[in-house]
Amino acid sequence: MRMVDVITKKRDGHELSDKEIEFFVKGYVEGKIPDYQVSALLMAILFKGMSDREIVTLTDLMEHSGDVMDLSSVKGVTVDKHSTGGVGDKTTLALGPMVAACGAVLAKMSGRGLGHTGGTLDKLESIPGLNVFVSEEHFLKQVNDIGIAVVGQTGTLVPADKKLYALRDVTGTVESTPLIASSVMSKKLASGSHCILLDVKFGNGAFMKDIESAKHLATIMCKIGNALGRDTRAVLTDMDQPLGFAVGNSLEVKEAIATLHGKGPKDFTELCLRSGAIMLEQAKIAKNEEEALKMLHKVIEDGSAFNKFKEMVKAQGGDVSYIDHPEKFEVSKNVVEIRASKAGYVKQIEALRIGENAMRLGAGRETFDDVIDMSAGIVLAKKVGDKVNVGDLLCTAYTNKDEYAEVMKDIKEAFVIVDEFVKVPPTVHDYIR
Ligand code: URA
């Protein structure tokens, strides 16, 4: 087989056979096919697309290009969730303990943040002492002992995605739906859980800018997961404004703790409850969503979800006194209130702009080597649909940087205030299974 024939076949809009897909994935990982030929194929895929069969084959080969996590020693049904990336998305921190307190098993590998989206690992590391890089043995024991662990990736999971993603990044081929779907799903499948819930975000702060493209991506990812033997479902959620109020590492941990106490923001709580209910149904712990919601409300009310989070923090070496007393988290030296100079209703809070400005305040990384300021970020005081009077607090910004005037101006401009009444939008727009 010759790579040039595989490229021209896709260029001319034909379906590749399983053997041809295997030839290019294995050949590329083993270093036998050069970047320039794989670049040409990726561009052909971007323009001509892939059939469902081609995408499933590609994902399966990518998943098995390196180690796969063996969760067979874990007792119970394992569930995993994945968000396509948002601003203020601290869902794992609250949702994980909620479903674990109901008996589901969350053996989760998470990532770091880059650019305007934060990473769960960074958020967890804002808890003093907490270690996200535990051994595989520790990970499996923790999951079996307490039903939840959220850690960084161990071993060499999905090397094909590492190589392909790096190449896509520099060849203008990131935006191909089959390539995004196979990239995300190969990693989720290699993490080994029985059930996967995808949170596919759309809107200003998301990868997918509108609901149609999010739905298309979610449908393909569900098809891949289900075809490869995992119960895979997806929720489509709004990212036209940040999720909840807090954006920034320790600020988000504090908000997750409040949510576990039943005192979280409405949109964030809604997302955790809806996602949790689907996960409990997937794990066959609840018969239906209604029964699952009752269970979730109960573990919040009786404190067992909060205690589960404390157990996880303790098991990973974190100082639980910060969980009991969130006021112990360090506060940035500059705390700046941003107030409205126009009255009306909040129509939009540009999530991308808020995420980028939180990063400029120190909460995120522009490059992988940047060091994060755990206390930096933004806490919203208003959400879309809220009424605003002149002088009302829109949000509070936290930073240890000394030069921040420009950033504050930009944060204020992220709030779009209009004269007409604005309806509060739903958080979860659709559910795909
Ligand atoms: N996230 C991924 O993991 N892969 C993509 O291709 C895009 C987003």
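This is a predicted model: local features need pLDDT of at least 70, side-chain atom pairs count only at pLDDT 80 or more; totals for chains, interfaces and linings use all residues.
1. Ground rules first. Local features need pLDDT of at least 70 and side-chain atom pairs count only at pLDDT 80 or more, while totals for chains, interfaces and linings use all residues. Numbering runs from 1 along each chain as its sequence is written, and side-chain values use heavy atoms, with hydrogens and water left out.

2. The second largest cavity is lined by L58, M62, D161, L164, R168, L179, S182 and S183. Helix 4 (52-63), helix 8 (159-171) and helix 9 (177-190) each give two or more residues to this lining. Here a cavity is a set of points on a 1 Å grid over the protein atoms alone where a 1.4 Å probe fits but cannot get out, and lining residues have an atom within 4 Å of a point. Helices are DSSP runs (H or I, at least four residues), as are strands (E, at least two), numbered from the N terminus.

3. Next, an open sheet: three strands in the order 10-8-12, with antiparallel pairing. Strand 10 (387-388) and strand 12 (415-418) are its edges, each pairing on one side only. Strand 8 (residues 344-349) meets strand 12 over four bridges; pairing requires at least two bridges found by DSSP. Y345 stands opposite V418 in strand 12.

4. What does V422 touch, leaving aside its neighbours within four places in sequence? Its contacts (heavy atoms within 4.5 Å) are Y345, V346, K347, V384 and G385. V422 sits in the loop between strand 12 and strand 13 (428-432). With a relative accessible area of 12%, V422 is buried (under 20%, against exposed over 50% and partly exposed in between; 1.4 Å probe, protein chains only).

Methods:
On a 1 Å grid over the protein atoms alone, a cavity is a set of points where a 1.4 Å probe fits but cannot get out, and a pocket is an open set with protein on both sides within 12 Å along at least five of seven lines; lining residues have an atom within 4 Å of a point.
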